Amino acid sequence: MLTKNQIYETVITDYTAEGQGIAHIEGCAVFIPNAIAGEKVRVRIEKAAKSWASGKIVELLEKSPHRRSRECPVAKLCGGCDFWHMDYEEETRLKADRVRQCLNRIGGEALEKVPILAAPTCRGYRNKAQYPVAFKNGRACAGFFRAGTHDVVENERCLILPVETDRVKDAVIDYVNQFHVSVYDEQTHRGLLRHIYVRRGAESGQILVCLVVNGRELPKPDALLGRLKQVPGFTTLVLSVNTKKGNAVLGDEFITLYGPGYIEDTLCGLVFRLSPRSFYQVNHHQAQRLYRAAISQAEITKNDTVLDLYCGVGTITLAMAGAAGRVIGVEVIPQAVEDARDNARRNGIENAEFFCGDAGQAALQLEKEGVRPDVVLVDPPRKGLNADTIEALSRFAPRRIVYVSCDPATLARDVALLKERGYRLQNAQAADLFPRCAHVETVVLLSKGEIDSKNIRVEFSLEDMDMSEFQDGATYPQIKAYVLEHTGLKVSSLYISQVKRNCGLEVGKNYNLPKSEDSRQAPTCPPEKENAIREALQYFGMI
C-alpha cells in the first residue's frame with residue numbers, strides 16, 4: 001500500500017475511461033489527472049487504498065510531445081472538458097483504443113485496431129448547454145460543475161460552445177442580478193432559478209432558451225425577453241417547472257413564454273423540430289457522419305422493414321426511410337414521439353411510424369403483432385440494452401443489427417450477449433462527437449451467421465452472469481469491468497452480490513450463497529472494493 005502525501009517517480013502507461021492517466025507503483029494502480037501516456041512524472045499520492053491510489057503531478061520529468069498549453073483558462077477546474085492539456089491526435093487515439101479494449105476484454109473480440117471519425121474542429125461544436133446557476137460573493141453566476149461536485153465554476157467563454165450560447169447565459173445572469181431573482185439552493189430547496197438550458201440549431205441558427213425553475217413564473221419576464229432578443233437567432237423562451245429535490249435538470253411541465261416552444265434544424269437533409277426534451281446529438285457535423293456510417297452498414301433495401309429503438313425525435317429513423325419499405329421508431333419520451341411524428345409530416349415521409357414506450361416492451365408488443373424487422377438499429381442510453389430488448393432482438397432475428405453507443409463498456413457487454421444468440425461482429429467504428437471531452441460514440445454492425453471461433457476470445461465465464469439482474473441494470477461482468485477500468489481493483493461476483501444486497505437490490509436465487517448451513521462463512525467485501533462497486537452501481541443507474 002502506498003503512503004499518502006509521499007512523492008513517487010513513475011511513468012504514465014495508459015488512461016481510464018474518464019481520461020485520467022494510469023501508472024503502476026509497487027504493484028498499485030495510480031490514477032493521475034492531466035497526465036499523458038509515456039510521460040515520466042513525480043506524483044504526490046492524495047488518496048491511498050490497498051490496491052489503488054490517486055495522485056497529482058508535482059513535476060514533469062519527461063514531457064510528452066502531445067502535451068499542449070491549455071487554451072481554456074478554467075480547464076483544470078471545470079468538470080466539462082478533459083483533454084485541453086493534450087493535442088487532438090492523442091485524444092482521438094486514446095478514445096479509439098478505449099473502444100478496442102472494451103470490445104476485446106468484455107465483448108470477446110480480438111481487434112487489433114478500431115478506426116475513429118475525428119472531428120474537423122474542437123471549438124464551438126456543441127449545440128446544447130445546461131448551465132447550473134449559483135449565488136457566490138453576493139451575486140448570481142452560471143458555469144459548469146467542478147468535477148465530482150456541485151460547485152459551480154464560472155466560465156466567461158466556453159470554447160466548445162457557440163458564442164451565441166454564452167451570450168444567452170450572460171443575458172440571463174444580467175437579468176437575474178439586476179432584478180434580484182432568487183437562485184435555487186440545493187440544501188434548503190429554496191430559490192427560483194436552477195439551470196439555464198440553451199439549444200441552438202447548427203444550420204438554422206435558431207435558439208431555444210429554457211429556464212429551469214423551482215416555481216411556475218418569472219418576475220418581469222419582459223425585461224428578460226428584451227435582453228434575449230438582442231442575441232442573434234433567439235427564437236423561443238420556455239420555463240421548465242422542476243420543484244423536486246434531486247439532480248434531474250428538467251422538470252415534467254413546460255410553459256412557453258415566447259415563440260413556438262421549439263426550434264427547427266436540418267440534419268441529413270431533413271428538417272427536425274426540437275423541443276427542450278428532444279434527444280438530438282450535440283455535434284451536428286459529426287452526427288451526420290455517424291448516422292451515414294450507421295445507415296451505410298445497415299445495407300437497407302426497399303423490401304426491408306427497419307426498426308429503430310430509442311429513436312428520439314426520429315432523426316436517424318427518417319434518414320433511413322428513403323431507402324426502406326417501412327420504418328418504425330420507438331421512444332419512451334412522449335414529447336419526443338410527438339416531435340418525431342411531426343417531423344415525418346413536415347418532411348413528407350409516409351412510410352414511418354412512431355410508438356411511445358420502453359424499447360424492450362415495445363419490441364415484444366411489435367413481435368406479438370407479427371412485425372418481423374429485417375434490420376434493427378439501436379441507440380440506447382449509457383446503460384445499454386435491457387434483457388427484454390436483447391430477447392426480442394433474438395426472436396426477431398433480423399439479418400443485421402446496427403448498434404450506436406455512447407458507452408463502450410455497455411456496448412461490449414451487449415455485443416457478447418448478442419453473439420451468444422447467433423450474431424457476429426462485422427464492423428466497429430468509433431466517432432468523436434465530443435472533442436476535448438472523454439465521451440466517445442461507436443457504431444458496430446452485427447449480422448446473423450455462424451461464429452468463427454478463431455476470432456472469439458471470451459474472457460469471462462457465463463457462470464459469473466446473473467441474468468435476472470440484467471433487467472435492472474448491469475451484469476456482473478460489466479460491473480467487474482467498470483471497477484477494473486476506473487479503480488484498477490478486481491472484484492468477485494461474491495463481493496458484488498454482497499454490496500447489491502446491502503443496497504437493497506435483489507440477486508438471483510441462491511446466487512453466491514453458501515451451499516449448506518455448515519459452509520464456511522463467506523469473506524466480507526473490503527471497504528475500498530465496496531466503495532468501488534457502489535460507484536459502479538450508481539453509474540449504471542441501479543442505486
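## Close-up views

**View A. Phe179 is partly exposed, with a relative accessible area of 26%.** In this and the other views, buried means under 20% relative accessible area, exposed means over 50%, and partly exposed covers what lies in between (1.4 Å probe, protein chains only). Tyr175, by contrast, is buried, at a relative accessible area of 1%. The model is predicted, so local features need a pLDDT of at least 70 and side-chain atom pairs count only at pLDDT 80 or more, while totals for chains, interfaces and linings use all residues. Residues are numbered from 1 along each chain as its sequence is written, and side-chain values use heavy atoms, with hydrogens and water left out.

**View B. Four aromatic pairs are found when the whole structure is searched.** One of them joins Phe31 and Trp52, whose ring centres are 6.4 Å apart and whose planes make an angle of 45 degrees, a tilted arrangement. Phe31 lies in strand 4 (residues 28-32) and Trp52 in strand 6, so this pair ties together parts that are 21 residues apart in sequence. Phe31 is buried, with a relative accessible area of 5%, and Trp52 also counts as buried, at 14% relative accessibility. The rings of Tyr175 and Phe179 are likewise tilted, because their centres are 5.8 Å apart and their planes meet at 45 degrees. For these pairs, rings of Phe, Tyr and Trp (its six-membered ring) must have centres within 6.5 Å, and planes under 30 degrees apart count as stacked, over 60 as edge-to-face and the rest as tilted.

**View C. His66 sits in the loop between strand 6 (52-62) and helix 1 (88-105).** Helices (H or I, at least four residues) and strands (E, at least two) are DSSP runs, numbered from the N terminus. At 18% relative accessibility, His66 counts as buried. When residues up to four places away in sequence are not counted, His66 touches Ile36, His85, Met86, Asp87, Glu89 and Glu90, where contact means heavy atoms within 4.5 Å.

**View D. Ala397 belongs to the loop between helix 8 (387-396) and strand 21 (400-405).** With 37% relative accessibility, Ala397 counts as partly exposed. Leaving aside residues up to four places away in sequence, Ala397 touches Tyr423 and Lys448. Gly259 is 138 residues from Ala397 in sequence, and the two are 46 Å apart in space, C-alpha to C-alpha.

**View E. Helix 12 (residues 493-502) is mostly covered, with eight of its 10 residues buried.** The buried residues of helix 12 are Ser493, Leu494, Tyr495, Ile496, Ser497, Gln498, Val499 and Lys500.

**View F. The views above belong to a protein with 13 helices and 23 strands.** Of its 543 residues, 55% count as buried, and the C-alpha trace spans about 75 × 65 × 50 Å along the principal axes. Among contacts between residues at least 6 apart in sequence, 66% join residues at least 24 apart. The protein has 70 positive and 69 negative side chains, and the centres of the two sets lie 2 Å apart; here Lys and Arg count as positive and Asp and Glu as negative, His and the chain ends are not counted, and the place of a charge is taken as NZ of Lys, CZ of Arg, CG of Asp or CD of Glu.
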